[in-house]
There are 4 protein chains.
Amino acid sequence: MGFNAETKGVYPIAATPFHADLSVDWDSLDRLTDFYQDAGATGITILGIMGEAQKLTPEESREIARRVIARARVPVVVGVSNPSFAAMEALAKEAMDLGAAGVMVAGHAALRSDEQIAAHFRNAVEAIGPDTPWALQDYPLTLSVVLSVPMIQRLMAEHPSCIMLKAEDWPQLEKLSAIRRLQADGALRPFSILTANGGLFLDLEPGRGSDGAMTGYAFPDMLVELDRLHRSGERDAAHDLFDAHLPMIRMEQQAGIGLAVRKYLLMRRGAIANDIQRKPGSSLTPQGRAEIDYLLVRLARKDARAQV
Amino acid sequence: MGFNAETKGVYPIAATPFHADLSVDWDSLDRLTDFYQDAGATGITILGIMGEAQKLTPEESREIARRVIARARVPVVVGVSNPSFAAMEALAKEAMDLGAAGVMVAGHAALRSDEQIAAHFRNAVEAIGPDTPWALQDYPLTLSVVLSVPMIQRLMAEHPSCIMLKAEDWPQLEKLSAIRRLQADGALRPFSILTANGGLFLDLEPGRGSDGAMTGYAFPDMLVELDRLHRSGERDAAHDLFDAHLPMIRMEQQAGIGLAVRKYLLMRRGAIANDIQRKPGSSLTPQGRAEIDYLLVRLARKDARAQV
Amino acid sequence: MGFNAETKGVYPIAATPFHADLSVDWDSLDRLTDFYQDAGATGITILGIMGEAQKLTPEESREIARRVIARARVPVVVGVSNPSFAAMEALAKEAMDLGAAGVMVAGHAALRSDEQIAAHFRNAVEAIGPDTPWALQDYPLTLSVVLSVPMIQRLMAEHPSCIMLKAEDWPQLEKLSAIRRLQADGALRPFSILTANGGLFLDLEPGRGSDGAMTGYAFPDMLVELDRLHRSGERDAAHDLFDAHLPMIRMEQQAGIGLAVRKYLLMRRGAIANDIQRKPGSSLTPQGRAEIDYLLVRLARKDARAQV
Amino acid sequence: MGFNAETKGVYPIAATPFHADLSVDWDSLDRLTDFYQDAGATGITILGIMGEAQKLTPEESREIARRVIARARVPVVVGVSNPSFAAMEALAKEAMDLGAAGVMVAGHAALRSDEQIAAHFRNAVEAIGPDTPWALQDYPLTLSVVLSVPMIQRLMAEHPSCIMLKAEDWPQLEKLSAIRRLQADGALRPFSILTANGGLFLDLEPGRGSDGAMTGYAFPDMLVELDRLHRSGERDAAHDLFDAHLPMIRMEQQAGIGLAVRKYLLMRRGAIANDIQRKPGSSLTPQGRAEIDYLLVRLARKDARAQV
C-alpha cells in the first residue's frame, strides 16, 4: 500500500540514533528501521522534529534518507521542513530520487495570519515540486502555527499534492469531526488523516474519523495492535490496551524530556544502542530512569511487550 | 492549618459557575464551595485562569471572593493576576480584608528575560503588599513565562512573603528535584510546592518532593485520597488510583476544551447546575459528551466516585 | 464633524497624566484635553495603550472618560480593549452613555488564525453593542495580532458598525493601497483610515490613501498642519515639516521609553504637570532628557513650536 | 585593523545579490564587496539575516564566504546562526579556514529564560570553537531573544572569545550607557560595540559609547563619514548628516519591505545588478519605487551621494 489519500495504518516517526560521540549510529538506524517494519508499521516517517532533523547537517539528512529508504520494505516519508526553501527543495528532490514515498512539511512560528500560512505552503509546494505527495503537519503546540479548519480546507484546495494531514492540534477531537463532516458534505476532497500529538488521544481519534497514527511512541507494535482493534470495532479492548499504555505515553509526550524517554525505551527494547541526543537535548537522570523502569514494570503486568 | 510555607494537601482550583444567561450562579458557587471542602480539600483557590477570572468584572470578582471566603471553613487563596497593578492592588486588598488566606500571582506573556520577570514580581509584591502571603504560579504552557530554577531561587530570596510554588512547568519532575536539592543544601529557603498542570503527573510528583496538588480536576475527593496514599507510602495503590483516572485527567488537561470537560463533570456530579462558560469559551458537542460519559462508565468500574 | 466612515483629520491618542504619587492628575487631564483641541484636533482618543489604560482601575477609566467627554468640544473615542468581555461591555456602555462618539477595539497576542480573530471581534461587537461605532486597531508590533487585507475585508463585511481602521501595521504603505484599491473596486465598503505607528510614515501615508492620523505625538499642532498641507497638495512643504520632526518622532516611536519621551515633551510644552508613568513604566535619565533637549533645540530652528 | 575587542568603525551587513532566476549573482557579489570597501568600511559582515542567509543552501553559504573573503582587503565576519549546531560548526570551521576574521552568532525565538539563553551560547561556542572570535547579536525585535544587561555581563564573562556586541535592542540608548558604566567600573571586561537596528539611532549612539555601526544601510559611505564626524567631535555636523538621511534610513529599517528598499538603492547606486529577493521576500511596487525615488531626490539636495 502506498502513501496516498487512502493511507491507513501506523507510520512511526523515526528517532535518529547517535553514538556516544554524537555521530550518527548507522547500525542502530538499520536496526530501528527493522524494528518499525517488524512491528507491522504501514510506513515510516523520518527526519521529523522528534528525529532531531533540525540538528543534522544536510549531508547527514541525505544519508539517513538514503539508508532508510534502501532498507525499508514499506513507504518512507521524509520530513523536509527547513527555513530555507532552497534547502527544502534540495532535500525533497534527493529524497524523491532515492525512492521516498513522499515528504512532510510544516510551517514555523513566524507565520500568523492565514495569508502568511497560505504563502508559506505555496512556496513550499513550489520547492518540493507540484507532483510530490506530501503530508501537512498541523502541530501548533510545537510549531506555533494555528491552522483553522477553513484554512486546512483552503490548503487542501490549493494543493492537490497534499494527500495527508498529520493531525496533532490540541484539542483535536472536534477538529477531526469537522474535517470529516466537510468531506462527507463534499466541501473538501478526501485525504488521509493520521494523528500524533504523542498519541495522547489515540483511543478516541478513530471514533472521530482518523485513519491511523503517525507518532513515535516506543511501542509501535502496540500502535499497530491498537489500530487493528479500532478497525475491527473492538472498542473496549482498544481502550483497555490504550489505558494500560497511557501512563507511559504521557511520559513520552512531554516537551523536551519526552524524547529522552522515547530513546531510553527504544534502547531498553533493543532497537537502538544509545539513547543520547544531540544538543540541545535532554537526558534522563537516574531518578528519571527509575521512574520509567517502574512504569515499565507496571505496564508489563498488562502487556508482555513491556517485559524488557 | 493555614496557608504558609509548610502547607501540604489539596487546594482545588475552583471553577466559576454561571447561569444560562452567563450571570454568576451564586447558589452553585455555594454548592461548589461545599463540594470542595466536603471532598477533604485543605484549602480552595479561586479566581484562577480555570476559574475564568479574566472574564469577570472587578465587582463580580470581589463578590465571588466575599462569598467563598464567608462560606469556606478552609483557607481560601485568591488569584489576583491582572495586567493593571492598580487593579491587582485593589483586589488583593479587598480579598485580604475579607479574610483570604493569601493570594496567587502569575506573570504574563510579555515577560521574557529574568530581569523583566524580577521587575514584574517586585511590582506585584508592592501591589499586594509586602505582608500578604502569596503563591507563585509557574505555568509556562499557558502563561508563556519561563521560570528557571535559578530564577525561582532569586524570586524566593527577594520575596519572603512568597510561601508557595504552584508548580506546573512542563516537564516538571526534574525541576521539583532541583528545587528540593537546593533547599536541602540550604541554598533556598523552605516553601510549599503544590503541583498542577491539570494533574497529569500527580503519580510521580510526590516522589520528587511536592507537598500536594493545586489543580481543578473534577474529582477533588480522588486528589485527596491520592495525596493520602502518597503520604502513607502506598505507592502502588497511589499509582493504581491515578492510572484509573488518567484517561479522564488527560481530557481535562486539554487547552480550551479541558474546562468544558471539567465543568461538565462538575455538573454531572451535582456540584454546579450548568456547565456553560463565558466567552471566549468552549462547550462539549453531543459526541464530546458521549466520549466523557463513556470514559466515566469505564472509570466507574474502578472508582465508585464516577458512578454519577 | 462626527466619528464615522467619512472622518478625516487628526485624533491624538491622549496620554494619562499622573501626580508624583501616581494618582490621576485631573487638572492636567483638563489641560491636556484643551491642549489637544486647541491644537486643532478633529477628535480625541482616550484610554489607548499609550494612555496607560491597562494600568488603571475600572473606576479611574470611567472617570477619565467622563471628564474628557464633558470638557471636549470635539468627538471623543474611548479605548475599551480588555481581556474580559464583561469589562469591555461595562466600559463601552458607560462611555457611550456619557456621550462618547465611539470606541476603539484591538485584539490580543493569543489570537493567531483568522478564525480566532474573527471570533474575537464577534464577541467584542456583542460586548460593545451592534450600534456602537468603533475603530479597529491594526497594530501587530505591539498587539501581536496580524490582520491581512482579506481579514480586514472580512471584519468590515461582518461588522457594519466598524467605521474606522486605526492603521499601524509595519510595513504599512502597500497595505493602505491594497485596501483603497478594494474599496475603489467596490469589493470593500468605505471607511475612514487614520494612521499611527507613532507617526513614522505620516509623510507618505496620505499618498496611499489615509485620511489622517490617530497618534499621540507631542506636537498635535504639527500633525494638524501636516494634515492640512497634505490635503492642500503642498507635498514638498509637507515633507519639509515632517522631516524636521522625524528625529523627534522616532524618539517617541520607541517601545517602552517612547512614552517617557512623549510625556516629557508634553510636560515641557506645558500640557501636563508631571511626566511620571505608572508601573510598569519608564523614565528618562538626565542624559536621556539632555538628548531630547538637544533635539528640541535643533527642531526649534525649523519649527517655532519647539521653542519651549 | 583586526576584528577584536578594540574594533571601531563601520561593518556593513552585506546583502546577497541574486540573478532574476534567483541563483546567486557572483559578479554582483564581487562588485558589492568592492562597493563596501571602497566606501571606507572597516570590515564586512556577510550571511546575516539581511543577507538572506536563511534562504541559502549550505553550499551557497560556503561559496559566498569563500568569494568575499578572497576579494576583501578588510576583515570579513561570517554569520553562522543556524538551528543545527552541527551546521553552525561546519560553516564556522569552513569560514575560519578560509580566512574569516570571526563569526556572528544570534539566539532564536524559542529561548526565553536566561538559563536557556546561556545554554544556547555555550552550545554555540562549543560549535564554533573556543578560539573563534565572535560577535553577539542582540536584536530582540527580529530574533525575539531578550538579553538584559546582567545577561550580557554573564555571557561576556563565560565566553572570552566574544569580542563584540552587535547592539540593536529597542530601545537601546540607556542599555549602551549601562554596559559602558559596568565596563568603566571594572565589572565587565572591554569589548567592541557596533550598533545596528537599521541605523535609526546612529546620531545618538556614539554619545552613549558605541564604537561604530554594523548595519546594512545602502549608503555605507555616509555611515563612514558619520562615524568620522562623531569621532572628531563634530556633533552638529553629524546630526545634520544623519537627519538628511533619516527619512531614507527609516524606509530601510522597516520589517519585510526594508530589504527591498535596501536592494533597490544598492541597485540604483550600481552596487548590484538586480534587487530581487529569494522567497519569502518582498519587492517594491511601482508606487513604492516612486516614493524611494522621491526621497532620493530630496536627499540629493543635501548629500551628493544620493544623485544616482
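This is a predicted model: local features need pLDDT of at least 70, side-chain atom pairs count only at pLDDT 80 or more; totals for chains, interfaces and linings use all residues.
Which side chain does a polar contact of 2.5 Å join to that of D:T195? The partner is D:E205, side chain to side chain.

D:T195 sits in strand β7 of chain D, which runs over residues 192-195. Is D:T195 buried or exposed? This threonine counts as buried because its relative accessibility is 0%, and the cut-off for buried is under 20%. Leaving aside residues up to four places away in sequence, its contacts include D:A167, D:Q172, D:L176 and D:L202. D:E205 is in that list too, and so are D:S210, D:G212, D:A213, D:M214 and D:T215.

Staying in chain D for a moment, have a look at D:I46. In the largest nonpolar core, which has 194 residues, D:I46 and C:I46 touch the most other members. So what does D:I46 touch, once residues up to four places away in sequence are set aside? Its neighbors are D:A14, D:I64, D:A65 and D:V68, along with D:V76, D:V77, D:V78 and D:G79. There is also a second, separate core of 193 residues, and among its members are A:F121, A:L246, A:M251 and B:F191.

Now for the places where chains meet, beginning with chains D and A. Here 17 residues of chain D are in contact with 17 residues of chain A. The size of an interface is often given as the accessible area lost when the parts come together. For chain D and chain A that comes to about 1,200 Å², with carbon and sulfur atoms giving 58% of it. Three residues, D:P83, D:A86 and D:K279, supply 30% of what chain D buries against chain A, more than any other three.

D:K279 turns up again when you look at charges. Its side chain meets that of A:E126 in a salt bridge, at 2.8 Å from N to O. On the chain D side, the elements that give two or more residues are α2 (58-71), α3 (85-97) and α4 (114-128). By class, that side divides into seven nonpolar, four polar and six charged residues.

Next, turn to chain A against chain B. How many residues of chain A are in contact with chain B? There are 34, and they meet 34 residues of chain B. The area buried between these two chains is about 3,200 Å², of which carbon and sulfur atoms give 55%. On the chain A side, A:W170, A:R250 and A:Y294 supply 20% of the buried area, more than any other three residues.

Polar links are part of the picture here as well. Chains A and B share eight salt bridges, and the side chains of A:D240 and B:R298 meet in a salt bridge at 2.7 Å, N to O. The count of residue pairs in polar contact is 17, again with both at pLDDT 80 or more. Which elements of chain A give two or more residues to this side? They are α7 (173-184), α9 (235-252) and α11 (286-300). Of the elements on that side, α9(A) gives the most, with ten residues. Sorted by class, the side of chain A that touches chain B has 15 nonpolar, nine polar and ten charged residues.

Terms used: Residues are numbered from 1 along each chain as its sequence is written. Chains are lettered from A and ligands numbered from 1 in the order in which they are written. Side-chain values use heavy atoms; hydrogens and water are left out. Contact means heavy atoms within 4.5 Å. Buried area is the accessible area (1.4 Å probe) that two parts lose on being put together, summed over both. A salt bridge is a side-chain nitrogen of Lys or Arg within 4 Å of a carboxyl oxygen of Asp or Glu. Helices (H or I, at least four residues) and strands (E, at least two) are DSSP runs, numbered from the N terminus. Ala, Val, Leu, Ile, Met, Phe, Trp, Tyr, Cys and Pro count as nonpolar, Asp, Glu, Lys and Arg as charged, and the others, Gly among them, as polar. A polar contact is a pair of N or O atoms within 3.5 Å; within protein, one must be able to donate a hydrogen and the other to accept it, and residues adjacent in sequence count only if both atoms are side-chain atoms. A nonpolar core is a set of buried Ala, Val, Leu, Ile, Met, Phe, Trp, Tyr and Cys residues joined through side-chain atoms within 4.5 Å. Buried means under 20% relative accessible area, exposed over 50%, partly exposed in between (1.4 Å probe, protein chains only).
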